[in-house]
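User: I've got a protein with a ligand in it and want to talk it through. Can you take my questions one at a time?

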Amino acid sequence: MTVQHPDYEHEQKRLDETRSIIQKEVDTLRKEVKEITDDYVKQVVNYKKGKELRYLEDQGLEKPYFGRVDFLKDETYELDSVYIGKRGIVRSDTFDSIVVDWRAPIASLYYSGESKDAYFRSGREIVRGEVRLKRNFAIEDGKITGIYDGALKETIHREVGHPDEFLQEGYIDEFLAANLNQTNDSRLKDIVATIQSEQNDIIRADKDRPVVVQGVAGSGKTTIALHRLSYLIYNYQDSMMSKRFMVFAPNRLFLTYISEVLPELGVDDVQQATFLDWASKLVKSILPKGWRILDPHKPLQLFFEQGQSDAERRTVLHRLRFKGSLAFRDVLQQYLLFVAENRVAYKKLSFVYNRTKHVFTIPGETIRQLFAEQYAHLPYRRRMEAVRKHVKQDINKQLFAHLREKRIDLDKQALAKYEKMIDQLLDKYFSIFPELDVFSSYREMLTDTALLKELTKGEVNGEDIEDICRSSAEIFEAERIEPEDIAPLIYLRHLIEGLEQADHFDHSVVDEAQDLSALEIAVIGLVTKRHSLTVVGDIAQGIHAYRGLQSWEELLEGVFQQPRGVYYTLAQSYRSTIEIMKCANEVLRKINLPETIMAKPVLRHGEKPLLASWDGKELPVKNLVQLVNDYRQEGFQSIAIVAKTAGASKKAYKSLKASIEGLKLLGSKDTQFPGGVVVMPAYLTKGLQFDVVILLNIEEYLDNEWDTKLLYVAMTRPVHRLFMIHQEDRMSPLFADVPPELYEKRSL
Ligand SMILES: Nc1ncnc2c1ncn2[C@@H]1O[C@H](COP(=O)(O)OP(=O)(O)OP(=O)(O)O)[C@@H](O)[C@H]1O
């Protein structure tokens with residue numbers, strides 16, 4: 001490897017040539033973009049050229065590519081040597097491609113594991129052949145500093161279970177691990193040079209099927225979902241627009257955290273929102289005037305903070321779970337059926353043709369059959385229109401047959417007159433159909449115990465239904481709805497009015513999907529064209545006990561059936577060191593989750609997690625300040641001090657702010673991710689990462705599923721160091737079975 005590599009000179013020469021071509025391109029582009037023009041088309045072209053120029057100047061010149069693949073095509077025996085970079089580069093004089101974009105079909109060979117029977121898809125065609133060489137380059141300032149031959153995947157697989165042996169090879173730790181080891185400000189970055197083959201499969205999965213990914217903490221779910229967007233935009237520009245892409249993320253903080261990587265990947269203008277922010281806007285027009293949505297964080301406090309009665313927790317838990325369940329979706333559908341079968345009087349429709357006194361009739365049962373069955377797939381209001389149209393055609397058919405039989409010719413005027421009469425008749429007939437209002441229907445369903453019992457068809461326990469109706473009625477009484485009402489309200493709107501097609505997304509990414517309910521995800525499916533969704537999450541990190549997904553099956557079986565969703569798992573974790581992941585895994589083992597959900601240790605070693613205790617009840621401010629300073633001295637930039645609850649993090653912030661320069665407190669309303677040293681509650685660390693995490697009062701994490709998951713989330717945030725603090729004589733029961741050799745005790 002590196003400079004002794006036999007091909008070093010050849011590769012350096014190739015790089016020098018590439019760079020000199022790029023330099024020429026840069027010079028030409030500089031001249032071209034300077035040109036001032038009134039021509040709109042030229043302005044657009046120049047804008048694009050400006051973007052290209054910026055890339056070449058900022059990155060392309062310095063490091064035009066990171067990999068090479070040699071591919072021998074079966075059909076022609078031609079050997080292609082392809083250099084792969086973050087963006088494709090084409091010579092403007094000869095139109096030769098000198099660097100291939102990582103998203104291009106042929107670049108897939110660089111990421112996939114196969115070598116002998118390799119193939120890539122180019123449009124509808126499959127090109128088969130053999131990969132003769134896969135090569136990675138480390139390049140700094142235009143100089144090759146490392147050449148690594150072979151597929152990364154194989155090396156990583158060899159490593160699993162034998163980390164020490166692996167590290168001695170000095171291979172991955174220079175290329176991939178060097179990447180992982182960086183102490184930057186820990187925001188997300190692109191991983192185009194080191195995408196692994198199982199990640200590549202997800203990035204390049206079929207665009208018209210829902211993709212569901214269960215990935216362990218730090219397996220790159222967020223990162224690859226964003227790379228998938230970049231891939232889709234590059235390859236399907238004709239049918240997909242980035243401004244019609246949507247990224248749903250767990251909180252606003254997270255959105256700013258990921259926002260920087262998108263432009264890096266060439267994806268500038270995707271929409272991003274939390275489900276709640278997006279859905280609240282949609283639901284506004286349904287709500288009566290003056291009604292408000294309750295604070296979404298209230299239930300979290302109820303579950304994680306002490307002093308709440310068990311009965312209260314139980315009621316809330318059942319109500320919120322029900323509102324997010326597919327059982328409730330079925331109830332909503334049942335309600336529409338119920339209305340169609342029980343609240344519409346399907347009378348016979350008759351029309352008398354005066355001239356012959358002939359009576360045309362459509363039996364009530366025919367209309368019932370049309371409304372309650374044949375057109376049941378349509379939203380209620382559109383269904384009325386469709387049935388009306390159908391009935392009108394039937395009457396017209398009967399009328400014209402009768403006229404033919406009686407040899408009566410009607411002139412235009414007479415025809416128009418009959419048409420008017422029929423319309424009036426139909427107006428009158430359909431006016432007795434109940435006008436369904438979305439919100440009133442919803443409220444009725446959730447407050448009328450007998451009705452809800454009938455609609456659930458015995459699937460939900462009777463006592464729970466009574467609890468749900470009683471507590472929902474109290475909330476409605478105060479002119480409030482809960483955040484968990486929003487998805488079912490949108491779903492009901494879809495059933496009654498239909499949703500605006502024009503607002504639909506070309507593709508949706510749902511990140512941290514385990515914290516959304518199945519019904520919320522079903523709603524996202526409704527507004528995403530062709531079910532083009534990428535849903536990623538980790539059941540082990542589901543901290544929203546009261547509403548999140550319990551398993552992916554719920555989605556795959558209950559939501560993504562047409563077309564069927566494709567399920568992937570990612571077990572390799574890249575964020576934290578082996579030592580941190582091992583310790584976190586042991587905590588997680590307390591709750592018996594399936595093996596697929598346990599993270600495989602990563603590729604890097606580091607210090608063992610540290611555990612310290614202190615005797616006083618007040619926070620050991622002096623020691624913490626010292627700790628933070630020590631970590632800063634070591635060069636770590638992002639440090640999170642994490643308390644279990646929002647209340648505790650506020651308290652910690654108050655005690656520490658005077659002594660730690662630049663300290664920031666992060667709460668659920670914050671939208672900016674500042675980096676540096678922050679204090680925050682554990683649930684907000686979701687999806688984020690830091691160089692160092694200091695966990696306060698870990699004795700407060702109790703022996704239950706939700707605390708275990710919450711602690712696991714917090715423990716898997718650090719890239720490099722984990723420091724845990726507990727009060728002397730009090731320790732979290734979640735550590736009872738963690739082997740002591742997995743962490744190191746230290747005094748504060
Ligand atoms: N193939 C890869 N090469 C280099 N780094 C990678 C790779 N895959 C993931 N990473 C890194 O691993 C870290 C975790 O990635 P990411 O946050 O996307 O994971 P996640 O699965 O969404 O995590 P979590 O569920 O814990 O929030 C990031 O720093 C990312 O850059």
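This is a predicted model: local features need pLDDT of at least 70, side-chain atom pairs count only at pLDDT 80 or more; totals for chains, interfaces and linings use all residues.

User: Which residues come nearest to the ligand?
Analyst: A residue counts as near if one of its heavy atoms lies within 4 Å of the molecule. There are 23 residues around the ligand, and the nearest are Thr194, Lys221, Thr223, Arg575 and Arg717.

User: How far is an oxygen atom of the ligand from the side chains of Lys221, Arg717 and Thr223?
Analyst: For Lys221, a polar side-chain atom sits 2.6 Å from a ligand oxygen. An N or O atom in the Arg717 side chain is 2.7 Å from an oxygen of the ligand. For the side chain of Thr223, the N or O atom to ligand oxygen distance is 2.4 Å.

User: How much of the ligand's accessible area does the protein cover?
Analyst: Accessible areas come from the Shrake-Rupley method with a 1.4 Å probe. On its own the ligand has 640 Å² of accessible area, and the protein covers 98%.

User: Which element gives the most to the shell around the ligand?
Analyst: Two elements give two or more residues to that shell, helix 6 (172-181) and helix 8 (221-235). The one that gives the most, with three residues, is helix 8.

User: How many residues of the shell are nonpolar, polar and charged?
Analyst: Ala, Val, Leu, Ile, Met, Phe, Trp, Tyr, Cys and Pro count as nonpolar, Asp, Glu, Lys and Arg as charged, and the others, Gly among them, as polar. Sorted that way, the shell around the ligand has eight nonpolar, eleven polar and four charged residues.

User: How many disulfides does a search of the whole structure find?
Analyst: A disulfide is a pair of cysteine sulfur atoms within 2.5 Å. Cys469 is buried at 2% relative accessible area, and Cys583 is buried at 0%. Searching the whole structure for disulfides gives a count of zero.

User: Where does Pro563 lie, and what is the omega of the cis peptide bond?
Analyst: Pro563 is in the loop between helix 23 (552-558) and strand 17 (566-570). Most peptide bonds are trans. The one joining Gln562 and Pro563 is cis, with an omega of about -5 degrees.

User: Is Glu479 buried or partly exposed?
Analyst: Glu479 sits in the loop between helix 20 (462-477) and strand 14 (480-481). Although not a glycine, Glu479 has a positive phi of about 60 degrees. Its relative accessibility is 38%, so Glu479 counts as partly exposed.

Note on methods: Residues are numbered from 1 along each chain as its sequence is written. Side-chain values use heavy atoms; hydrogens and water are left out. A polar contact is a pair of N or O atoms within 3.5 Å; within protein, one must be able to donate a hydrogen and the other to accept it, and residues adjacent in sequence count only if both atoms are side-chain atoms. Helices (H or I, at least four residues) and strands (E, at least two) are DSSP runs, numbered from the N terminus. Buried means under 20% relative accessible area, exposed over 50%, partly exposed in between (1.4 Å probe, protein chains only).
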